[in-house]
Amino acid sequence: MILNKVVSLVFTVVLMGSLYGQETAVSQDSISIQDLDEVVVTATRTYRQLSSVPLPVTLISQKQIQRTGVTRLNEILNEQTGIVMTPDATIGGGEGVQIQGVASDYIMILIDGVPVVGRSSGNLDLSRFAIGNIKQIEIVKGPSSSLFGSEALGGVINIITEKPTSDSVSGQAGHRAATFNNQNTNVSLGQSRGDFGYFIFADRLSTNGFDLASGDESQTVNPFYNYTLNGRVYFDIGEKIKVFTSGRYFFQEFDIDPSTSKEQDANVQLRVDHRLSKNSNLQYELYYTRYFTDEKTVDPLDNMLLIANDFNQQLFRPEVRFNHSFKANNTLTVGAGYNFETLDRSLFADVVRFDSQYMFAQYDFKPIDKLNIIAGARFDTHSEYNSQLSPKFSARYDFNDKFAFKASVGSGFKAPDFRQLYLDFTNAAGGGYSVFGKEVEAEGIQRLVTNNEIANLVVDDNDLGQRLNAERSIGYNAGFTYIHGKVAADINFFRNDFDNLIDTRILASKRNGQNVFGYINRESVYTQGLEFNVKYRIMENLNLSGGYQLLYAFDNNKEDALNNGEVFGRDPETLQTIRLTKDDYFGLENRSRHTLNAKVFYEVPKWGANANLRVVYRSRFGLTDRNGNDLLDDFDDSFVPGYALVNLTLGKTFYEKYQLQLGANNLLDFKGQNPLAVQDNEILVNPGIQLFTRLTFQF
């Protein structure tokens, strides 16, 4: 019923806009501006020139990616201002992407505008995304739920794949060999001829594995191989209808015999662009994706199955969008869609399902020549949590053709995930603790009571099974941009306030001494700071760029406890217990106060040669509370010292079609240590210098 109303409303607006568009003469077609340099689409869901967008947006171009010689999404993101690849707080927990201090759980990842699934514990493994066929990467910072819904609480990363441009068959083939037994091969080809175009990409990455931790019987990275296959087809049906379809398949397998670890990620997308008039168009989109893992941990001594963690998540989403330009620089965008999502996981008692409907609207206009305003909102309904309204407002004022001010405020949300609602897990190998999602905790506790496993129930019976609320945020961004001659600079001040963050809590204690854990809306945190970027062209072939982020990230409840004198710690020098103040509070885990990057690109056209030097610095950060006062303070011993990574890539073109790259990542051979690791099993934050060579052939 709700979906019918939503769709009816959208098509009513579509019809009115279509009729109006046929009567209105417009001097500029703002829907078709794809030929502009540095065009972005993620921030507004319409084509906009990057320099005119009133939002904090980072664009990583194909040329920039190719200059670095890197092969995976996490590698290129780690070199951008305000974006950090952070190690998980647990040993061997992997990495997540952090934007403006916002954790990876709250960053939405898109490929060609559609979402990626497969978050088994919050983090999304970005190393599974090959970048050999990427046209550009767009990063929108700050809450973006007004357009993209759940998970866009802290920002959006959109991977836009390449589109064919040549009327003859063209492409490239390349191979990259690197230290730590890393081999990467990819090939692509495409053609655009008349009303038909296609692009095909294949990538293979493998390693024989390597060991960086002395005293550990297992390898730091086990041998693995993975494949990425991607195909895109474009064709026009007359002058008004354009069809785009794509498919992507990823497969990865680790060699950890007798255990097994296989991973598959597949999606199919169909989009039809229907041009209703000179100023109006409709987009119909169907999208299906499936993420599947088969993981079994087996005891190598007796082949006994210890843990089975199979994961099968599927999402099907139809969506319709409508754009109409009333006049130059005045565009209305409306849309509606439906999400059908299921998850079958071995840690869940049953197959679970989410259904949600949504509609959104946005108006991009210029009330006066120098002022651009974008106002929009999205309404989501969901089968398992309360409806959400996510508004956003942004504006840009151009003082002149060089200097501009831009600001935005928006609301974001993240729905409780499958794990927080339906997890039903008891770790027999880890001493017998249990974790229950909110929807199954009452049933789980009752089962343990029946089995006489509960010693003490910590929460009230009536509190079990109470609905979790969606996590919410409000984000503020404001800053200035300056572009003149050889210099381009911008500064952005940001603040993100989060409420109802979902945290774990103890539900009961077991007779075996272990606990039963559940989930609850409890935490309230904020991140704030500033970002600064500058680009300077010293001469025609020499370009410098750099960026800096200052970040403060704190828990409001813990700040209150400190102000009330309720938090204590032990001075490691005097061993005396002292009352901590707010000045002793370092902040949230995995956040560095200072991060910066610097890049130098030098080109010698007559030699067909170039050099690309990049430096990334991250100041110290703490991994977890170690002194038992439930916050990260200056007396904890879990801090990773600040470090710098220096990456260098040299390139040379031969006979116009061949390009050779030589490079070194972590040129200074930095080897940090995880302070949570025991002495005989040190897990390194960074494995040391990584050398590579890459040969590419254009055809």
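The legends below describe several close-up views of a predicted model.

**View 1. The largest cavity and its lining.**
The structure contains seven cavities of 30 Å³ or more. Several elements each contribute at least two residues to the lining of the largest cavity, among them strand E6 (107-111), strand E18 (311-327), strand E19 (330-345) and helix H5 (418-422). Strand E20 (352-368), strand E21 (371-382) and strand E23 (403-414) likewise supply at least two residues each. By residue class, the lining of the largest cavity comprises 17 nonpolar, nine polar and 11 charged residues.

**View 2. The second largest cavity.**
The volume of the second largest cavity is about 140 Å³. Its lining consists of 18 residues, of which Ala43, Ser146, Leu147, Gln362 and Lys392 lie nearest the centre. Helix H4 (145-148), E20, E21 and strand E22 (388-398) each provide at least two residues of this lining. The largest share, four residues, is supplied by E21. The lining of the second largest cavity contains 10 nonpolar residues, seven polar residues and one charged residue.

**View 3**
Strand E10 (residues 170-178) pairs with strand E11 (residues 182-193) in the antiparallel sense, over nine bridges. Within this pairing, Arg176 stands opposite Asn184 in E11. Three residues lie between the strands of the E10 and E11 hairpin, where Phe180 adopts a positive phi near 65°. Strand E10 is also joined to strand E39 (residues 690-698) by seven bridges, and these two strands run antiparallel. Gln172 has Gln698 in E39 as its bridge partner. In a regular strand, side chains alternate between the two faces of the sheet.

**View 4. Ser473, a buried residue in strand E27.**
Ser473 belongs to strand E27 (residues 471-484). Ser473 counts as buried because its relative accessibility is 2%, and buried means under 20%. When residues up to four places away in sequence are not counted, Ser473 touches Pro143, Leu153, Gly410, Ser411, Gly412, Asp497 and Phe498.

**View 5. Arg511, an exposed residue in a loop.**
Arg511 is placed in the loop between strand E28 (487-510) and strand E29 (515-539). With a relative accessibility of 55%, Arg511 counts as exposed, since that term applies to values over 50%. Arg511 and Ala455 are 56 residues apart along the chain, and their C-alpha atoms are separated by 4.9 Å. Leaving aside neighbours within four places in sequence, Arg511 is in contact with Asn452, Glu453, Ile454 and Ala455.

**View 6. The buried face of helix H7.**
Helix H7 (residues 556-563) has Lys558, Glu559, Ala561 and Leu562 as its buried residues. Seen down the axis of H7, these buried residues fall within an arc of 160°, and they therefore line one face of the helix. The elements covering the buried residues of H7 include E29 and strand E30 (542-555).

Notes: Residues are numbered from 1 along each chain as its sequence is written. This is a predicted model: local features need pLDDT of at least 70, side-chain atom pairs count only at pLDDT 80 or more; totals for chains, interfaces and linings use all residues. Side-chain values use heavy atoms; hydrogens and water are left out. Buried means under 20% relative accessible area, exposed over 50%, partly exposed in between (1.4 Å probe, protein chains only). Contact means heavy atoms within 4.5 Å. On a 1 Å grid over the protein atoms alone, a cavity is a set of points where a 1.4 Å probe fits but cannot get out, and a pocket is an open set with protein on both sides within 12 Å along at least five of seven lines; lining residues have an atom within 4 Å of a point. Grid points are joined across faces, edges and corners, and a volume is the space filled by probe spheres set on the points. Ala, Val, Leu, Ile, Met, Phe, Trp, Tyr, Cys and Pro count as nonpolar, Asp, Glu, Lys and Arg as charged, and the others, Gly among them, as polar. Two strands pair if DSSP finds at least two bridges between them. The arc is that of the directions from the helix axis to the C-beta atoms.
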